Amino acid sequence: MSIIKVDNLAVGYEGKSVATGLNFTVNEGDYLCIIGENGAGKSTLMKTLLHLIKPISGEVSYMDGLMPYEIGYLPQHTIVQKDFPASVEEIVLSGLLSKSGLRPFYTKTEKKIAQRAMEKMDILDLKKKCYRNLSGGQMQRVLLARALCATSKLLVLDEPVTGLDPKVTEDFYKLIKQLNDEGLTIIMVSHDMPSAIRYSSKILLVNQTQKFFGKTKDYISSTARKEFDGELCAFEVDDQGKEKDNGIN
Ligand SMILES: Nc1ncnc2c1ncn2[C@@H]1O[C@H](COP(=O)(O)OP(=O)(O)OP(=O)(O)O)[C@@H](O)[C@H]1O
């Protein structure tokens with residue numbers, strides 16, 4: 001079942017398009033990776049999908065009763081400042097603000113939701129710690145728990161592993177995959193081609209215009225992939241999306 005439908009979309013700023021000709025759908029349970037060069041318009045598309053900025057032309061439709069407040073968002077540059085003097089619990093709870101509105105306290109049910117999100121992200125022991133004293137990987141887990149408070153349907157992530165070390169990055173991807181396996185729909189902007197291919201079910205390649213949209217297994221053998229990441233990173237993948245050993249270490 002489709003939850004987002006994009007028709008003839010052009011995205012950009014102040015009447016000027018940065019990406020045009022976008023046509024795709026996001027179905028329940030998809031793990032969609034949006035890839036493309038720097039400056040291709042990926043983040044702009046994300047913000048348009050989230051209704052944070054208006055399309056230049058065309059339409060983004062939410063289907064099957066999806067409401068804007070049911071979307072969890074992990075932005076590229078985190079909206080929570082790294083030196084923000086709040087506890088982990090306060091930050092996770094703030095994910096519920098779009099539901100609780102201006103009410104100056106959280107209900108028992110809301111606290112339980114935050115508790116469950118922290119359990120899921122394995123950060124319960126950090127609950128009372130100050131956010132600014134955490135490691136980069138812990139911070140991302142806190143922000144993920146915060147996003148999970150907002151949603152059980154759709155999680156949108158913009159380059160979530162930037163600056164994380166390889167082990168923490170791998171753990172983070174596994175966590176996202178686990179959430180997807182449990183039914184959460186994922187849309188992720190990624191520069192990490194091997195991981196995008198390994199974990200996603202669908203790929204959208206944007207370079208000022210839509211170059212590819214479809215199943216990841218079809219992207220692997222596509223001309224679009226040869227033109228795009230053939231030049232950037234010469235890694236080969238098997239039909240499971242796993243990187244082949246090409247003898248380069
Ligand atoms: N607020 C803004 N106002 C005007 N132009 C902007 C704004 N934000 C981004 N741009 C421009 O829009 C273009 C697309 O930017 P965008 O951030 O969407 O690219 P991207 O594909 O996400 O890039 P990257 O992979 O480097 O993050 C760029 O040329 C950028 O300079």
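**Labels and their cut-offs**

Analyst: Let's begin with a network of salt bridges that links Glu89, Lys127 and Lys128. This is a predicted model, where local features need pLDDT of at least 70 and side-chain atom pairs count only at pLDDT 80 or more, while totals for chains, interfaces and linings use all residues. Residues are numbered from 1 along each chain as its sequence is written, and side-chain values use heavy atoms, with hydrogens and water left out.

User: What makes Glu89 and Lys128 a salt bridge?

Analyst: The closest N and O atoms of Glu89 and Lys128 are 2.8 Å apart. The label needs a side-chain nitrogen of Lys or Arg within 4 Å of a carboxyl oxygen of Asp or Glu, so this pair gets it. The partners sit in distant parts of the chain, 39 residues apart: Glu89 is in helix H2 (residues 88–93), and Lys128 is in the loop between helix H4 (108–120) and helix H5 (136–150). Helices here are DSSP runs of H or I with at least four residues, strands are runs of E with at least two, and both are numbered from the N terminus.

User: Is Glu89 buried or exposed, and what about Lys128?

Analyst: Buried means under 20% relative accessible area, exposed means over 50%, and partly exposed is in between (1.4 Å probe, protein chains only). Glu89 has 16%, so it counts as buried. Lys128 has 65%, so it's exposed.

User: How many salt bridges does the structure hold, and which residue does Lys177 pair with?

Analyst: There are eight in the structure. Lys177 pairs with Asp181, with 3.4 Å between the closest N and O atoms. These two are four residues apart in helix H6 (residues 166–181), which means about one helical turn separates them. By accessibility, Lys177 is partly exposed at 25%, whereas Asp181 is exposed at 58%. Another of the bridges joins the side chains of Asp7 and Lys5, at 3.1 Å from N to O. Why is Asp7 called partly exposed? Because its relative accessible area is 29%; Lys5 gets that label at 29% too.

User: How do you know that S8 and S9 pair?

Analyst: DSSP has to find at least two bridges between two strands. Strand S8 (residues 202–207) and strand S9 (residues 209–215) have six, in the antiparallel sense, so they pass. Among the bridge partners are Asn207 with Thr209 and Leu204 with Phe213. The hairpin has one residue between the strands, and Gln208 takes a positive phi near 65° there.

User: Which strand runs parallel to S8?

Analyst: Strand S3 (residues 31–35), joined to S8 by four bridges. Leu32 is the residue opposite Lys202 of S8.

User: What makes S8 mostly covered?

Analyst: Six of its six residues are buried. Lys202, Leu204 and Val206 point one way from S8, Ile203, Leu205 and Asn207 point the other way, and all are buried.

User: Is Ala10 buried or exposed?

Analyst: Buried, because its relative accessibility is 6%. Ala10 lies in strand S1 (residues 2–13).

User: Now the ligand. How many residues surround it?

Analyst: 13, and the closest are Gly39, Lys42, Ser43, Thr44 and His191. A residue gets onto that list if one of its heavy atoms lies within 4 Å of the molecule. Helix H1 (residues 42–49) gives the most to this shell, with three residues.
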